[in-house]
Amino acid sequence: MEPARVVFTSGFAARYTKGVREFEVQAKTMRDVIKAMDDMFPGLGFHLEEETTLAINGEYHETGIFQPVPPGAEVFFIPRIEGG
Amino acid sequence: MNDTAIVTDSVKRFKWVGTRPIRPDGIPKVTGRAQYGADLKLPGMIYGKILRSPHAHARIISIDTSAAEKLPGVKAVMTAADLPVQKFDYIGPERVAVNFWHVTRNIMAREKVYYEGHAVAAVAAISNSIAEEACALIKVEYEVLPHVIDVDEAMADDAPLLFEDMITRGIEPAPTKPSNISKKLSFAMGDVDKGFAESDVVIEHEFKTAAVHQAYIEPHACVAKYEADGQCEIWSSSQGHFQMRALTAQIMGKALGDLRVTPAEIGGGFGGKTVAYLEPVAATLSKKSGLPVRVTMSREETFRASGPTSGSSMWVKVGVKNDGTIMAADGIFKFQAGAFPGSPVMNACLCAYAPYDIPNQRAVGWDVVSNRPKAAAYRAPGSPISAFAMESVLDMCAKKIGMDPLAIRHKNACRIGTPTLSGPKHAHAGYIETVEALQKHPAYQVKLGPNQGRGVASGYWFNGGGESSATIQVNADGTVLVATGSPDIGGSRASMAIMAAETLGVDYNVVRAIVADTASVGYTHVTGGSRVTFATGTAVVNATKTIVKTMIERAAMIWGVEPDAVIWEDGYAKPAGSNVGDFKPLSVKDIAGKAAATGGPITASAGVNAGGQAPGFATQFCDVEVDPETGHVKILRFVAAQDVGRAIHPSYVEGQIQGGIAQGVGWALSEEYIYNSKGLLDNAGFLDYRCPVASDLPMLDAVLVEVPNPTHPYGAKGVGEVCICPPMAAIANAIENAIGKRLTDLPMSPPKILAALSA
């Protein structure tokens with residue numbers, strides 16, 4: 001199966017992934033993506049669920065674990081809007 | 001129907017979607033019987049009043065409420081000491097992170113007051129006049145501090161600090177000195193410097209916009225009833241009663257299950273009623289007094305103490321080739337957050353260039369606190385502000401290379417797959433279609449006279465999805481109830497009823513849609529972000545599909561056949577084929593009438609976390625005439641093309657577009673918060689805060705472009721916000737076209753026009 005390409009913003013990457021912005025992970029769902037990233041950077045899964053919103057192949061979603069991830073998808077994590 | 005509306009195939013393919021039935025909320029509203037937030041009166045109810053800061057910035061030395069408590073008729077007095085301490089942390093649902101350390105201080109001041117009108121204490125009494133008298137008896141000792149209002153001044157090294165420990169986030173390494181800058185945001189793609197070097201024309205300019213209020217006609221209002229067992233009911237006018245429940249529970253330290261919030265009819269919100277100001281105050285006063293308490297804001301309080309949107313200071317630079325290709329765009333966006341962090345500057349950064357395919361982009365945003373009320377959401381928060389700057393500079397570029405302003409937008413239009421500064425590539429089309437709709441519009445060819453000008457601008461907004469719930473009940477007589485958790489601020493009751501009627505195959509007039517309270521329907525996020533028709537509509541359709549499945553099962557039981565031998569067609573259960581048997585089709589009424597015999601009430605609920613919402617794209621042009629003697633700008637014509645996906649109820653969609661333009665005209669020409677030298681607001685009322693009125697506007701021509709969203713059952717896209725993104729730039733561009741002067745400071749009021757003419 002073609003891996004998903006996971007991308008973070010530069011600010012998020014600087015905080016949590018030692019500045020690395022892009023990763024490739026095997027995933028069928030967002031649960032797989034978040035788990036794979038948390039395995040690489042323990043604790044990162046919490047930050048992804050709490051601090052980001054999500055785009056899978058350009059389609060925006062709330063960051064969850066239920067969304068399917070198509071083969072070769074681009075999964076982009078974007079900071080949540082700050083409301084006050 | 002609007003003469004220029006693009007009528008799509010929706011009216012042919014659907015029975016109800018795309019039609020314009022009479023709005024279900026019309027009669028209660030025009031007869032004055034609709035129950036708004038301030039209309040509810042409970043037995044034994046008393047009245048709350050809030051004491052507010054007379055200073056822009058001051059330290060609270062002491063608060064003495066003893067005299068107020070002794071006044072006959074006073075039942076409760078509260079200060080921030082009655083609310084639990086909140087942790088300093090950015091948390092929150094959906095795409096919004098909230099810091100409750102800030103939120104609780106905005107509801108009731110603690111160590112300091114940060115703006116004029118900041119709540120300091122509250123009283124509940126048997127009458128409004130006694131509550132006011134009691135407020136006057138509360139003695140607050142202040143140490144008045146220097147204040148700062150303007151965003152550029154607030155960023156200066158020697159600016160008075162609102163928070164002595166605020167270290168700017170988003171800068172590495174972190175600064176060692178505190179400032180009023182809450183956060184720096186940086187976004188970039190490509191090589192901006194290379195893009196400018198490869199450009200034939202590069203234009204840059206600075207811009208300023210004023211803080212403007214959403215100016216909803218109904219001020220904030222709520223009633224709270226706190227019982228001795230700790231259960232609390234709240235009735236309030238808001239854009240999200242689940243949001244009010246969550247915020248009130250957090251601020252009071254209560255469990256969600258102890259609060260039940262019922263939505264009142266709402267007299268406008270536009271983003272400003274997603275914030276809790278009164279609910280925790282009313283609930284605390286009710287808790288302390290043991291009586292129901294109503295708290296309402298006056299118009300003046302609404303201006304002084306509820307959130308306007310940010311004012312800004314911006315710089316934008318754009319480089320283009322002589323053939324119109326945009327090579328690079330760069331911008332710095334400095335936003336007033338008000339007294340607490342959290343302006344919509346990130347949206348401004350990410351939306352400014354989004355309609356275009358630009359290989360090299362950069363945006364830097366600054367979130368800055370100053371002694372103003374905390375900024376709140378306002379239609380496409382942030383996007384209209386940066387669009388004013390970007391679309392103005394793009395217009396200057398088009399003029400410089402001698403290109404039509406629609407042509408340059410068409411040449412650079414984004415398409416599916418175009419990268420965005422947010423990171424993801426565009427997944428939906430719809431922008432170029434709005435440009436082409438205006439290129440074909442006959443009014444775009446109308447010749448203009450002396451002192452008249454035409455201006456074009458575009459806009460982008462993400463639109464929202466997220467969590468929504470719906471419950472459908474089929475009554476014994478075949479009528480249908482649709483209950484959702486989305487307060488209706490833009491016609492959602494009509495559109496929900498239309499989608500349910502379409503899915504079930506019944507007459508729209510037998511479907512009644514209501515907004516249910518937090519105890520009667522599943523969690524539903526706010527009516528905001530142009531999300532309701534998309535997300536809540538998806539929940540309604542999903543629940544209705546379950547109803548259809550149940551109808552088929554009940555019909556099969558009545559006929560004594562298997563469910564797969566029954567089909568659902570045009571609101572009737574029918575045999576799937578002639579071999580099933582000779583059965584007369586059963587209507588919803590037929591089946592509902594036998595509900596008890598076939599298994600009980602027919603009802604279904606659905607909850608969704610809807611994703612895949614399509615963004616909103618809008619392109620508008622307006623014609624203006626400038627009076628060179630007075631500086632008055634008259635709007636002659638306004639044509640707005642917007643991709644709406646599929647208009648479920650086109651009249652409401654046109655109304656949203658017209659409303660967004662009307663507010664944009666005010667933002668462009670007349671609306672602003674005006675502060676005096678003491679940092680006090682000088683125009684906290686509609687006489688001095690000048691919103692457009694009917695005589696200021698021509699008929700606003702809404703052109704509905706329908707590029708259906710495949711992720712919604714009927715193709716709907718959010719429509720309520722992107723319409724306010726282009727007007728300010730379109731008007732500025734039209735004024736420049738009329739008088740040859742570029743105005744870059746909103747509002748473009750007559751004195752500024754006259755100053756430009758005489759420069």
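The model is predicted: local features need pLDDT of at least 70, side-chain atom pairs count only at pLDDT 80 or more, and totals for chains, interfaces and linings use all residues. Residues are numbered from 1 along each chain as its sequence is written, while chains are lettered from A and ligands numbered from 1 in the order in which they are written.

**Domains of chain B**

- Chain B is assigned domain 1 (150-425), domain 2 (428-461 + 615-759) and domain 3 (466-610); the bounds come from an automatic or database domain assignment.
- Taken over C-alpha atoms, the centres of domain 1 and domain 2 of chain B are separated by 19 Å.
- Their contact takes 37 residues from domain 1 of chain B and 46 residues from domain 2 of chain B; two residues are in contact if their C-beta atoms, placed from the backbone, lie within 7 Å.
- On the domain 1 side, the elements of chain B giving two or more residues are β10 (201-209), α10 (299-305), α12 (383-400) and α13 (405-411). Helices (H or I, at least four residues) and strands (E, at least two) are DSSP runs, numbered from the N terminus.
- α12(B) gives the most to that side, with eight residues.
- By class, that side of domain 1 of chain B has 20 nonpolar, seven polar and ten charged residues. Ala, Val, Leu, Ile, Met, Phe, Trp, Tyr, Cys and Pro count as nonpolar, Asp, Glu, Lys and Arg as charged, and the others, Gly among them, as polar.

**Chain B against chain A**

- In this contact, 33 residues of chain B meet 24 residues of chain A.
- β4 (90-91), β5 (96-99), α4 (100-107) and α11 (345-351) of chain B each supply at least two residues of the chain B side.
- The most comes from β5(B), with four residues.
- The chain B side has twelve nonpolar, 16 polar and five charged residues.

**A helix pair in chain A**

- The axes of α2 (residues 30-40) and α3 (residues 44-51) of chain A come within 7 Å and cross at roughly 135°. Axes are lines fitted to C-alpha atoms, for helices over the stretch in contact, and angles run from 0 to 180 degrees between N-to-C directions.
- Ile34(A), Lys35(A), Met37(A) and Asp38(A) of α2(A) make the contact with Leu44(A), Gly45(A), Leu48(A) and Glu49(A) of α3(A).
- This contact has four nonpolar, one polar and three charged residues.
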